[in-house]
Structures are given as structure tokens and as C-alpha cells.
Amino acid sequence: MKRFILLLFSLLVILWGNAQNNGTFYFSNLNLKDGLSQISVLKILQDSKGFMWFATRNGLNRYDGSEFIIYRHVPGDSLSLSDNYIISLAEDHNHNLWIGTSRGLNKLDLKTNRIKQYTNEKYGALAKTEIRSLLVDSRNRIWVGTSIGLFLYIPEIDVFQRIDLNGKIKNEFIAVMYETKNHKILIGTSTKGLFVCDMDMKVQKNYTSTTSFLCLPNNNVSALYEDSKGYIWGGSNLSGLFRMNIDKDEIVHYHKGNSVLTTNSVRCIAEAHGILLVGTFDGLYTIDLSDDSFWKHTDASLEKGNLSHFSIYSLFVDSSQTIWVGTYAGGVSYSNRFNNRFDFHDPTSVFDALFGIYGSMVCTEGGCLYMATEGRGLLDYNLKSGRYYYYPIDNASRLQYSQNIIKGLLLDGETLWCGTNKGAIYKFDTRTKKYQLYYQYPKDMSIYAMIPASDGGLWLVGSDPKIGLMHLSAQKELQDTFPSKGGELCHVPSSRCILKLRDGVLLVGTRNDGLVKYDVVNKEFTYYDTDSPKPFGLLSNYVTSIIRDTLGRVWVGTFGGGILLYDETKGILKTITQEQGLIDNDVCAIVEDKEHKLWISTSNGISKYDPDNDKFVNYNSLNGVGVYEFTLHSGTLLANGEVCFSGNNGFVTFNPHELQQNSYVPPLVFTRLVVNNEIINVGDETGILSSVLDDVVEIELNYDQNNISIGYCALNFVFARQNQYAIFLEGYDKEWNYIGNRREAYYTNLSPGTYEFEVKASNNDGVWSQETRKIRIIVHPPFWKTWYAYLFYVVVFISVLVLIMYYISKKQKLERELQFLNMYLEA
């Protein structure tokens, strides 16, 4: 009865979970075009250094965020893998990667990059058997599950001992093994259920489909996982998912008949952020462990952000909480909460139609986002439903695209004013979705912006070279020249944006002539441009955006001159450019969020600016922004608090409060050494490396090996191309060199001596590691420049000098003796 009530409660939770959605994952994908060796990823592992490993049906792949290194079987080479069909992976405490294939076991020494096969007759039945599962337990013992039973590696004598649990699993298919937090060894089999053993391999419990105290749904166990609450989750290829409390002998079974599962084939289980991940033959399912809500995440589709294939073979959650999904025929999909900070929207994928550039936008209180397009009229995006609609001005015209270009929008209650590239102004009824032509200018001109006038008319700005500012009265009378104090009629040239500073005072942003302030009542014009002295000077005359924030400050965006803080009486108070931290000086639009932060779209991405402390956070296209090129004067704050910017290939929305910084500091590894343009391998003829470069403290080079490059990589997989590096070679460089995302340092003609190479890295959000990685480099001098050579030179020099002095002394002595002899003879 107790078990029945527990099951009934679980079913009610499941049914409730069907109607709930506890969030979605946004996936990026890796496949053949990225360098993956094959698209079926059967197992995923992250090693102790941080590299990702993918087991496929055609080789083993190591991934560092940028490139793959592939290990394969080479016929006749005993130092290669025994087979290319990789099934299982595990790393032991000695930094050996154990690799199970369809034809035997292999060990890759990660310190030397050497492979050892366990396929000869010495290893008996294990030699060329299919290795289905591997486990390295907390005692560093290697357990090998095969299609013919379980084996334990005995390293002291280099043999594998068969473990059959007193005959219970002899020759049994060992599908999965798992060690729990309280050090129980779980063994999942193909036909004999689940075994629970202690660390000495004594069977404590054996659960099967006929066990009286806890009955498995089926004797086939294909996946095992212990969640953060201590429950054991199991999967079966035949009968779905089950959750167990081993201590209390309780079980809950989830299958096609009582849950959201559409298949009973469960292949893998993992957990991230309190969410249980279940990989099946038919997609990814998740269970929120806080409330047990159960739902299907997504079907695979071509839509950006989805899984690359519906059939899932493997799951892994790495040290940065990135979720990796290995699929049957779509490569690897991976998701991190920083992958999709920006939601990119592409209406062309929905309508299979071109919309041209997405431009000016407004949002109703009800959550309808209207956007001007260049070729399809108005685009209507419902924020709640996510559905798109579009409304052409002229749907029947042969010149459909050119007749449906809208440049400017103004929302006035239930009326949306639309300015076109033909000088026409339409009134669009947001209830009936119908256009009505309101005014037609005599010649073609783009109407970029409109604001209400105090007399019930409109102020307009447009693209005409001489007539940029216009007033259209309620009686549809157009005024395009304006009186000044001197009595002359003045005009404002081609303009792009306009703001009412106060009643009767306008601030106009022009295309080529900077800012113009016009006081209608006092008939005063004030000009701000690149030729004006302070405080009226600009860095660029192309004004793209003018906004007033909630604190009353006026911000001006320019194309080429950054942003400006404007004051009506004091002029330009502040100019902010790349020098102060702005991502780019070509500003497209400015939007204020609900926390009074400014979001600035530019030619190179988006900047977040806090006016209170002058701090920036920048996001470029490599951070997943999605838009290739932002549209000028096109951004808005949506009714749901999100910010929206449009561009040439779609538009992007994001919640400013959810744009958290990635604080994960990735491990930094050395990847390769190149000497005189030759890659150095461990144990090659050069003798430079005895282990992989990352495990080396010091390298020694001959005098003629002085042209080197050192590869390195920060193992951050969130927008890895945004990882930044700085390098310093002590004894060569005078200061740190910040080299962007370049992953290799080059040094030529190093003089003999001792150097120390240092490198440090940041992640995609610019969070730098506090520690550096170092390698000492010793370049030995040629033998004729060694200390013993110089000692020899000194000895030779002294010897020659002594010899010369000896001969001089000898000569002088002989001369004296000869002189004495002559004197004697003469006497």
C-alpha cells in the first residue's frame, strides 16, 4: 500500500510537470566541420587537466575548445588504439586514460601520450573482447565491464582477474558500473538486473524484475547515477527510468505509459544545477529535483539552439557546469548558461522570406513588438507567444520590396505612425492591422523618426540633404524651413533622430552636421559639431541616437565618436569612447534598462555602461550576440523588461538582469612545442621532451635550436575564441604582452642563456587567472662558447704566453753568455 501511494504521488507530479517548463537549454554543436572524427559520440569524459574527450565509432577525440586531436587505430602499429570503435572511457589517479573499444582495452598515458594495448594472448579472454564499461573506484582500482563478464586489473603483475560474484555474473554483459558516495559499487547488467556490492565486491543486494522487496521494471540496466539528494537513478534499454532508495528498498518507475517519456530506451543520466538529465533514444528529458517535475526538453531540429540529433548516447557535466550531449548522428551538443545570454531572432527561418534590414521598433504595453523592415512592411512579434506576423503596405505590387520599406515608427495609443523611404506617412491601426495613407511628400525621402508636436501635428526628420527637419501640422501643412532671430529662414540638413528637450525646444541629430538645438519660441539655433570649440565640440558629426534617461540626462550616440552626455545649458559634459571602455566608437543605438544602465549597440557588439561608476561590460559577436551588424537608431526597452536591438540578419533580445558574468577561471595548459619549425613529440630523436609539454618544468635546447614556439590553451568552452592571453619571457621581454586570443608564442634567435616563459589567460568575459603557468628554457651555447672552452682558451693563452716568455728568457740568457764569451776571447 505504501509503495502504491508513493507511485500515485509520483504520477501526479509527472502530470503536473507536463504543463510546466522549468527553463530551456540552448545548445551549440560540434560536428565534422569542426574537426570531430565521426558524428556518433558514444561516451564523453573530461580529464583531470580539463580536456574534453569524445569516444566515437571512428576514433577518440581530444578537444580543447578550439581544435581536436584524434587518436585512431593504425594497422600494424601496436602503439595505436586496438580499434576505432570507442565505447567506454575512464581516467585513473595516475593520469592514465583507459579506453574501451569493440576489440579490446587500451591505456593512454596522458603524461607521455603513449598508448598501450591489452590485446595479446597474455590477457586471456579480455584480449579482444568488447569493452562496454569502465570504472576507476576511489581506491584507484580499474574495473572492466565486458560483453563476457567483469574483470579487475592487477597492476603489480599486469593481469586482469575475472570477477564473477560467485558465479552470479559469469560471462554476463556488464553494461554499466557506478560507485556511490558511500562507496557502494553498483553493477548494471544486460539480463541479471542490478547488483549492489561493498568495496570488497561482496554482494549486498541483487535487484531483478522478480525481487520481492524491490522489483525492477526489467533485468536490463543500461545507465546508473546517484543524484545530489542521494537517490539512485537507473535506466533501461527496454523499460524506461527508475529511481531507487536502496536503504529503504523503494522504487519509482517512469515509462511511456505513465510519464512524458516517448520511449523506454534510456541510455545515460547526469545532473546539472539540480536538474536531472536523462538521455534517451528519443531526445533529452529533465527532472527538477526540487519538485520532481518531469518534462521533455526538446526535439532535435535545424532551429538554432536545439540538439543536433534526437537520439542521445552520452551525457557529461564538466567542471564549469557545461552540459555535453553525445548524439547518435549529430556529433556533440553542449550548453552552458552563458551560451545563450542573447536570444537571436530570425524571422526569415519562420516565413522563408527575406525581410531586408530590421530597423526602428516600438513595443506596446500588451507585449507586441512592431519593427520596421526594408521590404516586408511591419513585422509583429508577440513577446508572450513568440509568434511572428508581418503586414506589407502594398502586398499586390510588382515592386513589393521597394514599396514596403519602412524607416521610422511612432506609437500613439492604438495608432502606429509609419514613415517610409518614399516620403509617405501611414497610420497603422494595431487593432485592425490596416494601413491608411496620411501624407505623401512630393518627392522620395526616408522618414527616419517622428515625435508629437504640441499643436497636434508631427515633427519629422528625414534624409533629404537640405531638408532634414519638418513640421507637419494637424491640417497636413508641411513646414521645412524655420525662422531664426535674424529674420532669415533656416533649414536643418539630412537628419536621423530627434528629441523634445522641453516644450518648444528640439534636439536634432543630423547625418553630417552634428547636433542642432532649435528653440521654436525664441527662434534660436545652436550647433554642436566637430569644428565647434568646447563645450560644443563633437568627435563625429554623424548622430545616430538621442535618448533622455529616467534621471533626466540626455545621451547622444554618434557614429565614430562614441557617446556624449549633453546638457542644454552647459553643452557637452562628457565624451565616452573606446579609450574609456566602450566596445566601439561607431554607436548605433542607446537603450536604458530599468536599473538605469545604458545598453549601447555598436558596429562591434554591445556595451553595458553604468553612468554611476563609469564601468563597462562588453559583448561582441563572439559572445553569442548573433546579429552581424546592428541597425542605426534601432533599439528599445520591451514591456517585459528586456532590451532589443535590430540588425541586418534579425534582432536580438536579452534580459539585463540575467546577463551574469562568467566567473569560471579555466585551467591553462601547454599544448605543444615547435623548434625550428618542427613539432617536438615525446621521446622523438631530438630528446627534448620526456613527457608532454604540460608536465614539463624545464626544457633544454642546443644553440642551433633557438627558434621556438610554445602553444597553450585556456580550457574554457564557453565562447572559447574569446579567451584572452598574455605572455612574458623573462630575459627577453621587458613587459607583459597582451596578445588577444592567439594561442601560441613565437621567439626567434634566442641567445644562449636561461629564460622563463610565463603565460596567463582570461575566460570569454575577461576574468583573468591569478596564477600563471611557467616553463624554464635553457639554450645551451655552442661548445666553443662554453665555460670549459673559455677555460681551455685561457689555459692555451697562458701556456703560449709562458712559452714566449721562456723563449725570450732563454734568448736573453744565450745573448749574455755569448757576450761574456766574446769578452773573454778578446782579453
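A cavity, as I use the word here, is a set of grid points where a 1.4 Å probe fits but cannot get out. Its volume is the space filled by probe spheres set on those points. Please keep in mind that this is a predicted model.

With that, the cavity. The structure holds one cavity of 30 Å³ or more, and the volume of the largest cavity is about 30 Å³. What lines the largest cavity? The residues are Asp 47, Ser 48, Lys 49, Glu 91, His 95, Leu 110, Lys 111 and Asp 695. Sorted by class, that lining comprises five charged residues, two polar and one nonpolar.

Next, the sheet. It is an open sheet of four strands, ordered E30-E31-E32-E33, with antiparallel pairing. At the edges are strand E30, residues 358-363, and strand E33, residues 388-391, each of which pairs on one side only. On average, neighbouring strands in this sheet are turned by 25 degrees against each other, ignoring direction. Strand E32, residues 378-382, pairs with E33 over four bridges, again in the antiparallel sense. If you want a place to look, find Leu 379, which stands opposite Tyr 390 in E33.

Last, the side chain. Thr 544 is part of strand E48, residues 543-548. Is Thr 544 buried or exposed? Thr 544 counts as buried because its relative accessibility is 0%, and the cut-off for buried is under 20%. Where does its side chain go? The side chain of Thr 544 reaches the backbone oxygen of Val 587, at 2.7 Å.

Key. Residues numbered from 1 in each chain as written. Predicted model: local features only at pLDDT ≥ 70, side-chain atom pairs only at ≥ 80, totals over all residues. Heavy atoms only, no water. Pairing = 2+ DSSP bridges. Helix = DSSP H or I, 4+ residues; strand = E, 2+ residues; numbered from the N terminus. Axes fitted to C-alpha atoms, helices over the stretch in contact; angles between N-to-C directions. 1 Å grid on protein atoms, 1.4 Å probe; cavity = no way out; pocket = protein on both sides within 12 Å on 5 of 7 lines; lining within 4 Å. Nonpolar A, V, L, I, M, F, W, Y, C, P; charged D, E, K, R; others polar. Buried < 20%, exposed > 50% of the residue type's maximum accessible area, 1.4 Å probe, protein only. Polar contact = N/O pair within 3.5 Å; in protein donor to acceptor, adjacent residues only side chain to side chain.
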